[in-house]
Amino acid sequence: MNFLAHIYLSGEDDLVTIGNFMADGIKGKKYLKYPEGIQKGILIHRWIDSYTDSHHITKQSTKRLHAKYGHYSGVIVDILYDHFLAKNWHQYHNQPLEEYVNDFYTLLKDNHDLLTTRIQKMMIPMMEQNWLLSYATLEGIETVLYNMNIRIKKRVPMDEAIQDLKEHYEAFEKEFTAFFEELQAFIAIKMKEL
């Protein structure tokens with residue numbers, strides 16, 4: 001799952017949300033140096049990634065892309081799944097997506113000192129270009145894929161995945177909906193362990 005799903009699956013705790021959001025840059029036991037809420041968020045992030053990577057539905061989605069994009073197909077599916085979460089946001093949350101995203105950006109600004117250096121740098125273009133809200137449209141996803149293509153130095157034509165999304169839109173959306181229901185249930189159980 002990509003940024004929006006990780007934030008959403010954090011629940012209502014601000015520190016858990018921050019930890020889940022910035023977890024990718026925190027390896028091994030380095031998470032233990034952070035406050036307890038952030039530690040929980042990092043663990044939740046790891047559970048989400050592990051569950052997502054091993055799930056038969058996400059494997060079905062990535063298989064559709066694998067011949068063209070290789071191991072980047074998983075990254076692309078994460079982005080596509082965030083599109084369906086953003087597009088269908090009203091089914092998952094009562095607060096409008098724009099307000100939710102703005103509240104999250106405020107949370108980052110208010111807790112700047114707790115963030116990793118990588119996230120501190122990344123949050124500027126993220127907010128200026130409003131990445132999270134842009135996931136809701138095909139144009140926004142096209143821009144995200146284009147930027148990812150530049151970031152990976154064009155090792156694969158990641159920007160072309162917008163065509164794959166359009167071509168298999170219904171299949172990807174059905175897979176996301178079925179998978180996300182199971183992921184939410186899994187995370188609800190795991191959160192009780194914290």
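## Asparagine 2

Contact here means heavy atoms within 4.5 Å. Leaving aside neighbours within four places in sequence, asparagine 2 is in contact with Asp78, Ile79, Asp82 and Tyr135. The side chains of asparagine 2 and tyrosine 135 make a polar contact at 2.9 Å. Such a contact is a pair of N or O atoms within 3.5 Å; within protein, one must be able to donate a hydrogen and the other to accept it, and residues adjacent in sequence count only if both atoms are side-chain atoms.

This is a predicted model: local features need pLDDT of at least 70, side-chain atom pairs count only at pLDDT 80 or more, and totals for chains, interfaces and linings use all residues. Residues are numbered from 1 along each chain as its sequence is written, and side-chain values use heavy atoms, without hydrogens and water.

## Largest pocket

A pocket is an open set of points on a 1 Å grid over the protein atoms alone, where a 1.4 Å probe fits, with protein on both sides within 12 Å along at least five of seven lines; lining residues have an atom within 4 Å of a point. The largest pocket is lined by 35 residues. Asn2, Phe3, Val75, Met148 and Arg151 lie nearest its centre. Helix 9 gives the largest share of the lining, 6 residues. Helices are DSSP runs (H or I, at least four residues), numbered from the N terminus.

## Positive phi

Asparagine 130 is not a glycine, yet its phi is positive, about 50°. Lysine 153 also has a positive phi, near 60°.

Key. Helices (H or I, at least four residues) and strands (E, at least two) are DSSP runs, numbered from the N terminus.
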